[in-house]
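Visitor: I have a model open and would like to learn how to read it. Could you take me through its features one at a time?

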Amino acid sequence: MSCFFIFIPAIQNLAMNKFFVFLSALIFLASTSDAQQERKPIEIQAGFGMLITQSVFSMQNGFAPELAVAKEFSESLAWQAGIRLGLNPVLPEAFGRLLVRQRVGAWQPAVGLELGTTRRTRFDAGKALLRETREAMQGTISPFYVAVHAAPLSFGIREKWRLSLLEIDFGTHFSHPGRTLRAQVMLVTLTRKF
Amino acid sequence: MRLFPLFSLCLLVMFTGCKKSEMDRSGFERAVTVAGGVTTDSIMPWVERLVAVRAGDSPVDNTGFSPGHLFPSDHLTRNASVGLVAHAFESMGYDADTVVLGEGPQAAYNVVAEWRGTTRPDEVVLVGSHLDAFYGGADDNGSAVAAMLEAARAVRKHHFARTIRFISFDLEEFGSIGSTRYVQAGYAGDVKAAIVMDLVGYASHEPGSQKDVMGIRMPDVGDFLLVLGNDDSEEITRQITAMGNSYGLSKLLGMTAPGDGGYFLSEAFMRSDHALLWYNGIPAVFLTDGANFRNPNYHLPSDLPATLDPSFLAGNTRALTAAIALLAEVQP
């Protein structure tokens, strides 16, 4: 057999569906594991990082400040909603996240799913070479994306604050998963509870 | 602790369910007989004629396409090639049609010729190779145009269930403009399978002559033809590769890109006229000798007929002809 095959499981349709099932189950287990439900504070968080968007014949990157509001459902489950500016050029994105958080003393790592909307695959039509092909390829890409989110270096500071370093997002647009990829590294994110 | 079994279960689910079907070889024998009609001696003269007419042709207006490294945009010609290819088809008995797409100095002139199918004429097998070239363009893309013309001559002796549509696309070097406009204009709606070629005549038997393609590991010796497919064309990629190798038509290496081929790791596979066919879900295979990952004359004035390997090109032409016969379903 002279054929060999390239396989990228994380961006295959089938694998993505299974991933959603996995994540849903994870969230369900986490949400039911908290015995005591109590009133949780609203959180405001601000972060600054870098965003890279890749599609065929096209790659853009730039700084990406973001602002979000968050609230915990329970000790280990939280939602977030926010906007991201995405500079160079300025193209706002809106996103929502569902996170599972583990607390080990001050260390509070989290992982979850981000859904959002963006036009960040369609703005770089200036280069003549491959422009027509690229525009034709990108024409059917939806504005909605899905990404996995991880905050491995998140630390609670006293009662009211949380500092997170190197949060990572990795995702793709809903239509034609894998045709676009987006990677984001939030260098620093600061959260205040109210 | 309670998450561990669930995590393991999900991993198991994610990595199971891979599909792999038995390859259909039923049409191989008959398809290979069509390849027997390829006349080896007539292929290189097509390359030489293309290189010769390009030498006297005027360059295409390159406004908007600044010259750069391996992109001599001020040395791209196509007018003389359009005339030569159209005349070649006509001389074989085809009704060649020049489809003009776009306006202005960078309008695309695609030359189209069809061999109509007998039982399912509305199903089309597209065979494409671009006719525009930098400098003489013996390998890029005189070799593929020559292979296509010889295949067109060979298939005229047979009848097929499906229609075979030969297209010499224009302005591939400026970003697959001719093929993009062709697909966008809706002309590919009846295409059931496609074979697109770009550089199929350069080979080397020296160790180290084949470079890896943007991180994708390749054999060390550049003496094979790449047959590239995607999910939609995986089956025909496997068939064409197996048929060509098992019948000794040429030395073929098949590869498939994931999904529709547009993932960032497989971007190198998208660099020709098959790209928009892949994106529109049309099963298409791309044949190439590896371009700049093998041929040191890529996009240079030294891309001349003497640098090609005539026996390699002839073998690839036979493999192409058999592939066309297989996909178009040659009739008894």
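This is a predicted model: local features need pLDDT of at least 70, side-chain atom pairs count only at pLDDT 80 or more; totals for chains, interfaces and linings use all residues.

Visitor: What is the mean pLDDT of chain B?

Guide: pLDDT is the predictor's confidence in each residue, from 0 to 100. Chain B has a mean of 93, with 93% of its residues at 70 or more. Residues 1-18 of chain B are another matter: pLDDT stays under 50 there. For that stretch the model has 13 contacts beyond four places in sequence, a contact being two residues whose C-beta atoms, placed from the backbone, lie within 7 Å. For the model, ipTM is 0.78 and pTM is 0.84.

Visitor: How many helices and strands does chain B have?

Guide: Helices (H or I, at least four residues) and strands (E, at least two) are DSSP runs, numbered from the N terminus. Chain B has 9 helices and 10 strands. Its radius of gyration is 20 Å, close to the 20 Å from the globule rule for 332 residues, so chain B is as compact as a globular protein of that length. That radius is taken over C-alpha atoms, and the rule is 2.2 Å times the number of residues to the power 0.38. Chain A comes to 2 helices and 10 strands, in the order β-α-β-β-β-β-β-α-β-β-β-β from the N terminus.

Visitor: What share of each chain is buried?

Guide: A residue is buried if 20 or more other C-beta atoms lie within 10 Å of its own, exposed if 12 or fewer, and partly exposed in between, with C-beta atoms placed from the backbone. Buried residues are 55% of the 332 in chain B and 32% of the 194 in chain A.

Visitor: Which residues touch the most other members of the largest nonpolar core?

Guide: Such a core is a set of buried Ala, Val, Leu, Ile, Met, Phe, Trp, Tyr and Cys residues joined through C-beta atoms within 7 Å. The largest one has 106 residues, and those touching the most other members include B:Ile195 and B:Leu287. Helix H9 (residues 310-328) of chain B gives the largest share, 12 residues. Beyond four places in sequence, the contacts of B:Ile195 include B:Leu320, B:Ala323 and B:Ile324.

Visitor: Where do the buried residues of H2(B) fall around its axis?

Guide: The buried residues in H2(B) are B:Ala31, B:Val32, B:Val34 and B:Ala35. They fall within an arc of 150 degrees, so they line one face of the helix; the arc is that of the directions from the helix axis to the C-beta atoms. Their packing partners are helix H5 (138-155), H7 and H9 of chain B.

Visitor: Is B:Trp278 buried or exposed?

Guide: B:Trp278 sits in helix H8 (residues 275-279) of chain B. It has 30 C-beta neighbours inside 10 Å, and therefore counts as buried. Apart from neighbours within four places in sequence, B:Trp278 contacts B:Asn230, B:Asp260, B:Gly261 and B:Ala284.

Technical notes
Residues are numbered from 1 along each chain as its sequence is written. Chains are lettered from A and ligands numbered from 1 in the order in which they are written.
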